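Dear colleague,

Please find the structure below, followed by a short account of what was found in it.

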Amino acid sequence: MAVIALTGCSGAPGVTTSALALLLSWPLEPGRRMILAECDPDGGAVLHGLLQGTLGDRYGLRNLSVAARKGEFGEAFWRQLIDLSSEDGKAESPRDRLLLPGITDPAQAASLNSVWKGLAAMFRGIDADHGHDVLVDLGRRGAVGPSGVLADQADSVLVVVRNTLRCLQAAQSRVNALSERVGDIGLIVIDEGPYPAGEVQRVLQIPVVATLPYAPKEAQVLSDGAEQPRHFTKSALMKAARTTGTLLVQRSAERRARLGRPSSGPVRAAEVSYAR
């Protein structure tokens, strides 16, 4: 399937909220899974946002540096995943939408310098061996520096921007640098400002792949664990996220074909359990 990296720029464009919307609405065939990995060196937001601290900080990226030193990286990765696919408190869950929580303190990023390459290889292996999709949340600055290898190895890299003058100005240098290094990147536009997609595309000189609505009330469900409004899964935000997921799968497959990367192998069930 695909390994897709999302990144942003200064000005809190909404990378993690967009990533969660995509995770929860991603088009999945039977037997497939979607994994969202919070790889933002500034720290993850889901444990104390959407999950409101209910699982503490026992799970997550920080545990992988210790596992890597012990030669237990692969096994430890699967043990750190949290199941987000349960709906409406139902006991049964398809366990097909999984989260690797990020670090809880930016100071922990220094211990992960040796982990990023391992994660990049792990994500490619998950894609090839299990046929699962991986969405990598790189936050505002994770696409550069040591964690930038995750963007380099992804099938597709998308920069999340808001169509405001402030955000577009902040995105210019980031987009230029990523285009030179990675090539063939795209934009996901949060439609908060006055500039249409065509104008955003003209200014930043890369294609707008999808647009998500600016929907603060629905976004707070994902960013801060606010109470879900009625018919949340049918909201404009989640409908647009479903459409965006389909577009990203297509885009990643096309880029993979151009680069001559092999398609995913057969799905193999993983003998693992996930926190809930």
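The crossing of helices H6 and H7 is right-handed (the near helix is turned clockwise from the far one by less than a right angle). This is a predicted model, in which local features need pLDDT of at least 70 and side-chain atom pairs count only at pLDDT 80 or more, while totals for chains, interfaces and linings use all residues. Residues are numbered from 1 along each chain as its sequence is written, and side-chain values use heavy atoms, without hydrogens or water.

The axes of H6 (residues 165-181) and H7 (residues 197-204) come within 10 Å and cross at roughly 45 degrees; helices are DSSP runs of H or I with at least four residues, and strands are E runs of at least two, numbered from the N terminus. Axes are lines fitted to C-alpha atoms, for helices over the stretch in contact, with angles from 0 to 180 degrees between N-to-C directions. In H6, Leu168, Ala171, Gln172 and Val175 meet Val200, Val203 and Leu204 of H7 (contact means heavy atoms within 4.5 Å).

Two further residues deserve a look. Asp184, in the loop between H6 and strand E7 (186-191), has a positive phi near 55 degrees although it is not glycine. At 35% relative accessibility, Asp184 is partly exposed (buried is under 20% relative accessible area, exposed over 50%, partly exposed in between, with a 1.4 Å probe and protein chains only). His231, also not a glycine, has a positive phi of about 60 degrees. With a relative accessible area of 53%, His231 is exposed.

Yours sincerely
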